[in-house]
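Subject: Structure for you to look at

Hello,

I am passing on the structure we spoke of. Please look through it first; my notes follow below.

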Amino acid sequence: MTNIDPTRRQFVALMGGTAATIIIPMDAARALPVSSSLGDLHSSVSRTAREFHASESATLLDGVYAKIFDRVPAQSVIESVVQVKFLPVHAAVIVDPPKNTGRFVWNFETKQDGAAFHAVRDNDPRTVIDGGRVVRHRDLSKALADLTRAMRRSREMEAANIFNSAQTYDVNLGGDGVSLCSLRHPHESGVWANTLLAPCDLNSTSLAAVLQRIESDFVDEAGIKIKTRGRSLLVARENASAAHQTLSDLDGNLFAYFNREPIVWNQLGPNNWFVLTETRGLTWFERDPFSITCIADAEKDCVLVFSDERRKFGCRDPRAVFGSIQTLNQGISHER
């Protein structure tokens, strides 16, 4: 754990165990000399936080999102992923190229996220400092666990929103100009689909039909068939029983490659189900990894403890997923 200049790294105040949405910068100008008593508290809190981070944080941060998204380092605030169609050698020189060049750019802006509390001595009577949560030293381990779980919940919600808004196009994302799950993904000579015209209930027949469509209908930007298959079934908690029955009934000879254990996620909208494919497009961009920082605040006579990370969940290739969506996102769809 490394202390960070609070004028450059901001934190979100943890209010009653839930991360607030307002980012509060630390005012470095308020810094005062730290008393020996506060210094001892800071040393003890920092040591406990380091030990906790090293031994427990990874387990508490682990969530369903980690089974779905590939974690990759982000080198900039906005990560841009470009997809272009590959031309055969004999087409290296083109006279009058088509309007749709098959070049799509996805833009993923990493955002800072965090949670915080104020650690005080066991005999400190305060219950709130600057509107934020106050933790006695004796309760530090539990508070650190709460801090870490708050980050996991935030990750889960952001990651699940990729699927819960799968039929809503985000103009800031760019890409191919339509939502993640669409009937009209463009390629050079037409469109391809990674969703159903009409959503259907989950059973072995509907799943088999989707798996066959993935193998036969998925194409690249030039409209050329690609080699990919379904790999896992992703369902909401409400569909867990149906998912297990479906996979039990699925033809084991025809679809031997398909994972027989569904991924169950209570963050998904009910009745929606997705097939994750062998195409690796679901990505967790990590700009700054999870950290826990402790800063002695002499003015408030406490130790500020905050978690912090910068990340973005997204999909850089819609061929990574096929969705049957009955519960629509309540936002306004901008799909063209």
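What percentage of the 336 residues in the protein is buried? Buried residues account for 48% of them. Please keep in mind that this is a predicted model.

On the overall make-up: the protein contains six helices and 17 strands. Its accessible surface is about 16500 Å², and carbon and sulfur atoms hold 51% of that. Of the contacts between residues at least 6 apart in sequence, 76% link residues at least 24 apart.

On confidence: the mean pLDDT of the protein is 85, with 82% of the residues at 70 or more. Among the elements, strand β14 (residues 273-277) has the highest mean pLDDT, 98. The lowest, 33, belongs to strand β2 (residues 18-24).

Strand β5 covers residues 104-109 and is joined to β4 by six bridges. Across from F104 in β5 stands Q83.

Regards

Key:
Residues are numbered from 1 along each chain as its sequence is written. This is a predicted model: local features need pLDDT of at least 70, side-chain atom pairs count only at pLDDT 80 or more; totals for chains, interfaces and linings use all residues. Side-chain values use heavy atoms; hydrogens and water are left out. Two strands pair if DSSP finds at least two bridges between them. Helices (H or I, at least four residues) and strands (E, at least two) are DSSP runs, numbered from the N terminus. Buried means under 20% relative accessible area, exposed over 50%, partly exposed in between (1.4 Å probe, protein chains only). Contact means heavy atoms within 4.5 Å. Accessible areas come from the Shrake-Rupley method with a 1.4 Å probe; for residues, only the protein chains shown count as cover. pLDDT is the predictor's confidence in each residue, from 0 to 100.
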